[in-house]
Amino acid sequence: MSRLDELIQELCPNGVEFIAIGEVADYEQPSKYIVNSTDYNDNFKIPVLTAGQSFILGYTDETDGIYEASKDNPVIIFDDFTGALKWVDFPFKVKSSAMKMLKAKPKKITLRYLFHVMGNIGFTSSEHKRLWISVYSAFEIPLPPLEVQSEIARILDNFTELTAELTAELEARKKQYEYYRNKLFSFNVLISGREGNSLNNIIVMPLGEVGIFTRGSGLQKKDFTQTGVGCIHYGQIYTHYGTYANRTKNFVSQEFAKKARKAKHGDLIIATTSENDEDVCKAVAWLGEEDMSKLKELIQKLCPNGVEYRKLGEVCDFINGFAFKSSLFKDIGEPIIRITNINGNAVDLSNVKYFNASDYKSDLHPFAIYYGDILIAMSGATTGKIGYYCNKSTAYLNQRVGKFVPNKYILKNRYLFHFLCSKINELYIMAGGGAQPNLSSTKLMNDIVIPLPPLEVQKEIVRILDKFTTLEAELEAELEARKKQYEYYRNQLLSFPDNKATD
């Protein structure tokens with residue numbers, strides 16, 4: 001029997017009391033913590049918060065009216081209009097009065113339990129009215145003994161900690177992809193093999209600001225195989241390896257490797273446990289499997305003096321979308337890809353509209369979208385964003401969605417995709433930015449130039465960058481699975497019988 005089961009059997013075997021949130025939580029108005037100026041700067045110290053999705057709006061240099069939250073004095077901020085909530089354990093200011101600061105009433109409820117149980121309510125509102133006093137504080141929640149609350153919070157925090165680690169790793173991998181993408185399209189850097197560096201100023205920074213820490217996958221000696229994918233066991237870091245390694249002593253199976261966390265060339269592998277203190281935090285630099293070596297050889301062989309830059313219009317065609325009538329949209333039929341379906345690297349099919357070909361006399365074949373096609377949003381909030389179509393079923397371009405058709409003899413499709421992803425911000429500025437950006441296809445094809453190395457070099461660049469995007473996709477899938485797992489267990493752990501019903 002688990003510790004939680006034991007506590008429930010001991011302290012509340014017949015169920016628990018259900019009580020209104022307002023009876024166990026105190027709230028504070030945010031008036032004295034509102035920021036005076038929205039002239040934010042990332043160099044300032046104090047974050048300005050909202051309880052919504054963006055969370056940190058920016059940073060201020062104001063020193064008065066700061067809510068002094070900390071690890072020992074955390075608080076829940078609650079959006080009084082949407083019901084969204086955030087856990088905060090650092091000093092902050094707020095943007096507006098549209099929130100409440102919530103604290104647990106002593107000896108009744110733990111704040112962390114309150115945070116998890118409020119998240120389990122899942123309440124949202126589309127009405128523009130304040131919610132805490134009129135609606136939310138009246139919701140009833142299960143109130144087990146404090147010891148049970150703490151154990152539930154501990155279990156759920158294990159899930160949220162893993163989710164936070166995955167989120168941080170995903171963000172780091174995205175930055176890593178952007179770094180290599182930008183570097184790989186800078187052929188003068190690739191050819192010279194060096195970049196300018198300055199050591200005039202040495203800055204001491206926390207490790208968390210210069211790298212991302214990722215825990216291993218539970219590798220045990222019983223997982224070792226004679227051949228397969230190289231692996232490093234923590235014990236070998238202080239018994240076998242020196243300061244670096246480019247080959248491993250042991251291996252694991254391909255099947256195990258698919259589920260395991262991977263070390264990239266240049267990563268530092270650290271022993272986080274040992275039988276003695278001296279060996280903890282010993283590290284080995286992994287210098288094997290250098291992804292860039294083949295590319296450098298190809299560049300030196302095929303284009304050592306640089307590459308030609310060409311206008312997009314010289315190396316690919318562009319097709320504008322068709323003006324499908326919204327009045328003729330259907331719930332089933334042929335899918336229409338609109339600007340809202342393009343999310344910056346893929347095409348989101350979760351909210352597509354459909355049409356019936358018999359409603360139109362025009363030939364719609366030129367507007368067909370096939371697997372591997374590259375799309376771009378030409379207006380609206382997603383202007384300049386790129387989408388790679390990964391569905392096997394044919395879809396069709398709506399107006400203000402464009403499609404690139406590269407000349408396959410000189411330009412690889414996937415190479416063009418990665419290049420365009422590196423230009424999203426530039427394309428948004430080209431469209432005029434602001435509230436109503438609008439991208440001209442003529443300007444797009446004439447003003448954007450693309451480096452055009454030989455096809456073999458393009459293919460190698462695609463191979464390198466696709467490894468990053470594949471890893472990102474795997475992390476996103478794992479993150480989504482962990483979130484669902486947390487929600488499942490949160491729902492299970494907070495499902496108590498009402499002790500009034502058992503009287």
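User: Does E478 count as buried, partly exposed or exposed, given that this is a predicted model?
Analyst: The relative accessibility of E478 is 25%. Buried would require a value under 20%, and exposed a value over 50%. Because 25% lies in between, E478 counts as partly exposed.

User: Which side chain meets R261 in a salt bridge?
Analyst: R261 is itself partly exposed, with a relative accessible area of 27%. Side chains of opposite charge can pair when their charged atoms come close. In this salt bridge the distance from N to O is 3.5 Å, and the side chain that meets R261 is that of E478.

User: How many residues apart are the two members of that pair, R261 and E478?
Analyst: The salt bridge between R261 and E478 links distant parts of the chain. R261 sits in the loop between helix 7 (254-259) and strand 13 (268-270), whereas E478 belongs to helix 13 (residues 455-493), and the two are apart by 217 residues.

User: What is the N to O distance in the salt bridge of K71 and D89?
Analyst: K71 is exposed, with a relative accessible area of 67%. A salt bridge needs a side-chain nitrogen of Lys or Arg within 4 Å of a carboxyl oxygen of Asp or Glu. The side chains of K71 and D89 meet in such a bridge, with an N to O distance of 3.1 Å.

Definitions and conventions. Residues are numbered from 1 along each chain as its sequence is written. This is a predicted model: local features need pLDDT of at least 70, side-chain atom pairs count only at pLDDT 80 or more; totals for chains, interfaces and linings use all residues. Side-chain values use heavy atoms; hydrogens and water are left out. Buried means under 20% relative accessible area, exposed over 50%, partly exposed in between (1.4 Å probe, protein chains only). Helices (H or I, at least four residues) and strands (E, at least two) are DSSP runs, numbered from the N terminus.
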